[in-house]
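Please look over the model shown here. The briefing below goes through selected helices and residues.

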Amino acid sequence: MPYEHILYEPRGGVALITLNRPEKLNAWTQTMENEVIDAVETAAADPSIGCLVVTGAGRGFCAGADISGWDRGLRGEGSARPSKMLLEGGSPEVPHALTRGKPIVAAVNGVSVGVGLTMTLSCDIRIASSEARFSARFVRVGLTPECGSSRYLPLVAGLPNALYMTLTGRIIDAEEALRRGLVDRIVPPDQLMPEAFKLAEEIAANPRDAVWMAKRLLHMNATETDLRRVVTLECYSIRERQSEPDHKEAVTAFMEKREPAFNKR
């Protein structure tokens, strides 16, 4: 599908998704939501892609939902309305697509607020520019966490940090975001994309089926309370992987004292 509010660019084994409304600091729209889901699913269906990088065009990553026209929409006037995500109390489609899709590195280049923060929480690794800013700003506009953030913010940053971010609605800088566990690394602005791609290419070079299943296991088992089910899922996955060419190649390469050549199917 042609995209209006994002850009999608495969680069070798890595696909780049760019939120592309720089004049609005990439404020989130229903169109952007639909397009991000489509792009993630496109990458999932492409065997040449092993990892994704998500970033924002211009100075911002995502400044939250685009609320222009909400006053008319909430009164039922005109065509401007909040996205499905807000109207239905938080659509699960975006976090579902991000967490079940191929590995995703968030390259947070600027302001990341509300749904912009929520989106990064569903990514697997977060690298931030030193100029990035973060806020779970929902209470500041009379709303509550959405789109899975009440689950992922405590998982990523811990409950005390999640409560601090959510109850205050404060904007914090990159250094504080690192201390609170919201991001994994901080880099200078001019190093953000090179470092994000370097990491994504390293992930993409690993056996892709194993990486994808490992990601899904971690997401499924992180909140699973039944340890027997956790181990059962792990055993099932290992048995499946043991019959795959990449595992056989890894063992053969080890015995032959050479680097393995993965993803040849």
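**Helix H1**

In H1, the buried residues are Met-32, Glu-33, Glu-35, Val-36, Ile-37, Ala-39, Val-40 and Ala-43. Buried means under 20% relative accessible area, exposed over 50%, and partly exposed in between, with a 1.4 Å probe and protein chains only. This is a predicted model: local features need pLDDT of at least 70, side-chain atom pairs count only at pLDDT 80 or more, and totals for chains, interfaces and linings use all residues. Residues are numbered from 1 along each chain as its sequence is written, and side-chain values use heavy atoms, with hydrogens and water left out.

- Helix H1 covers residues 30-44. Its 15 residues should span 21 Å at 1.5 Å a residue, and its end C-alpha atoms are 21 Å apart, which agrees.
- The expected span is 1.5 Å times one less than the number of residues in the helix.
- Helices are DSSP runs (H or I, at least four residues), numbered from the N terminus.

**Helix H11**

- H11 has 16 residues. From first C-alpha to last it reaches 22 Å, close to the 22 Å expected at 1.5 Å a residue.
- Val-230, Leu-233, Ser-237 and Arg-241 are the buried residues of H11. Seen down the helix axis, they fall within an arc of 70°, so they line one face of H11. The arc is that of the directions from the helix axis to the C-beta atoms.
- Arg-228, Thr-232 and Arg-239 are exposed on the other side of H11.
- The cover over the buried residues of H11 includes H10 and helix H12 (245-255).

**H10 against H11**

- Helix H10 (residues 208-221) and helix H11 (residues 227-242) have axes that come within 11 Å and cross at roughly 175°. That makes H10 roughly antiparallel to H11 (an angle over 145 degrees).
- Axes are lines fitted to C-alpha atoms, for helices over the stretch in contact, and angles run from 0 to 180 degrees between N-to-C directions.
- From H10, Asp-209, Ala-210, Met-213, Leu-217 and Asn-221 meet Val-230, Leu-233, Glu-234, Ser-237, Glu-240 and Arg-241 of H11. Contact means heavy atoms within 4.5 Å.
- The residues of this contact divide into five nonpolar, two polar and four charged.

**Two buried residues**

- Arg-241 lies in helix H11. Arg-241 is buried, with a relative accessible area of 18%.
- Leaving aside neighbours within four places in sequence, Arg-241 is in contact with Asp-209, Ala-210, Met-213 and His-247.
- Phe-197 sits in helix H9 (residues 192-204). Phe-197 is buried, at a relative accessible area of 9%.
- Not counting residues up to four places away in sequence, Phe-197 touches Arg-11, Val-14 and Leu-16.
- Phe-197 and Val-105 are 92 residues apart in sequence and 8.5 Å apart in space, C-alpha to C-alpha.

Methods:
Parallel < 35°, antiparallel > 145°, perpendicular 65-115°, else oblique. Nonpolar A, V, L, I, M, F, W, Y, C, P; charged D, E, K, R; others polar.
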